[in-house]
Amino acid sequence: MAALAKTRVAILISGRGSNMASLIAAAEASDYPAEIVLVAANRPEAPGLAFAAERGIPTRALDHRAYLSREAFDAALHTELKDAGIDLVCLAGFMRIFSAGFVESWAGRMINIHPSLLPLFKGVHTHEQALAAGVRLHGCTVHYVVPELDAGPIIAQAAVPVRPGDDAETLAARILVQEHRLYPQALALVAAGQVSLDGDRVMFSGGVQGTDGALLSL
Ligand code: GRF
């Protein structure tokens with residue numbers, strides 16, 4: 001019997017790409033429902049590009065500084081994604097805001113990982129924001145991407161305690177461990193069709209909500 005076709009995924013990065021590496025590692029399993037067919041960066045010097053290339057994954061560097069406008073960069077990226085037959089886009093430390101038109105053309109087919117328990121602490125410096133707010137729990141979120149920054153429907157979250165003496169670095173390191181666990185789980189749910197977007201609601205099927213470990217861990 002022919003195997004079910006895997007979801008064709010592109011990962012977009014701007015930097016070191018440790019979340020990208022965790023997705024690539026997960027997708028090496030034969031029963032993982034997604035395959036990573038492209039890694040693209042808006043910075044040619046992004047260290048994650050070399051890591052992906054070493055693993056035989058096609059890479060593209062689209063230097064955003066070479067484009068006259070945000071829309072021109074987004075159009076070039078859109079063409080790359082279409083040419084590669086991409087079904088789903090995973091943002092993994094992609095530090096560039098898209099035009100609304102680009103986001104709309106990938107609506108329900110683009111997800112992101114953000115280092116906070118959204119809707120708290122959007123934008124950058126999330127660990128500093130959490131420390132300043134004095135929260136006792138912090139974490140990470142995988143969500144669908146919508147035009148408003150870090151505001152999309154939430155797929156999965158993992159929480160960590162904030163400990164006395166934590167600074168932004170210790171907190172970031174504790175959360176990164178959870179990011180590397182959560183993102184591959186969330187991508188698997190989306191790629192397998194167990195999670196989907198219905199308007200602005202995330203829909204779960206197959207009893208996913210019962211598996212606490214996949215959606216919220218402490
Ligand atoms: C991660 O903390 C991710 O949540 C955020 O940017 C960071 C990227 O790290 N969006 P890496 O490039 O995946 O190592």
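The residues lining the largest pocket divide into 20 nonpolar, 13 polar and six charged. Gly counts as polar here; nonpolar is Ala, Val, Leu, Ile, Met, Phe, Trp, Tyr, Cys and Pro, charged is Asp, Glu, Lys and Arg, and the others are polar. What you see is a predicted model, where local features need pLDDT of at least 70 and side-chain atom pairs pLDDT 80 or more, while totals for chains, interfaces and linings use all residues. Numbering runs from 1 along each chain as its sequence is written, and side-chain values use heavy atoms, without hydrogens or water.

The volume of this largest pocket is about 990 Å³. Its lining has 39 residues, and those closest to the centre are Gly 93, Met 95, Ile 113, His 114 and Pro 115. (A pocket is an open set of points on a 1 Å grid over the protein atoms alone, where a 1.4 Å probe fits with protein on both sides within 12 Å along at least five of seven lines; lining means an atom within 4 Å of a point. The volume is the space filled by probe spheres on the points, joined across faces, edges and corners.)

Two or more lining residues come from each of α1 (18–27), β5 (110–114), α5 (126–133), β6 (137–144) and α6 (168–191). Helix α6 gives the largest share, five residues. (Helices are DSSP runs of H or I, at least four residues, and strands are runs of E, at least two, numbered from the N terminus.) Domain 1 (1–106) and domain 2 (113–218) each supply at least three lining residues, with bounds from an automatic or database assignment.

Now the ligand. Around the ligand, with a heavy atom within 4 Å, are Arg 16, Gly 17, Ser 18, Asn 19, Gly 93, Ile 113, Pro 115 and Glu 179. Which contacts are polar, that is, pairs of N or O atoms within 3.5 Å? A side-chain N or O atom of Arg 16 is 2.4 Å from a ligand oxygen. Ser 18 puts a polar side-chain atom 2.5 Å from an oxygen of the ligand. With Ile 113, a polar backbone atom is 3.1 Å from a ligand nitrogen.

Next, backbone geometry. The loop between β5 and α5 holds Pro 119, and the peptide bond from Leu 118 to Pro 119 is cis, omega near 10 degrees. Phe 121 is also found in the loop between β5 and α5, and has a positive phi of about 60 degrees without being a glycine. Most peptide bonds are trans, and most residues other than glycine have a negative phi.

How values were computed. Polar contact = N/O pair within 3.5 Å; in protein donor to acceptor, adjacent residues only side chain to side chain.
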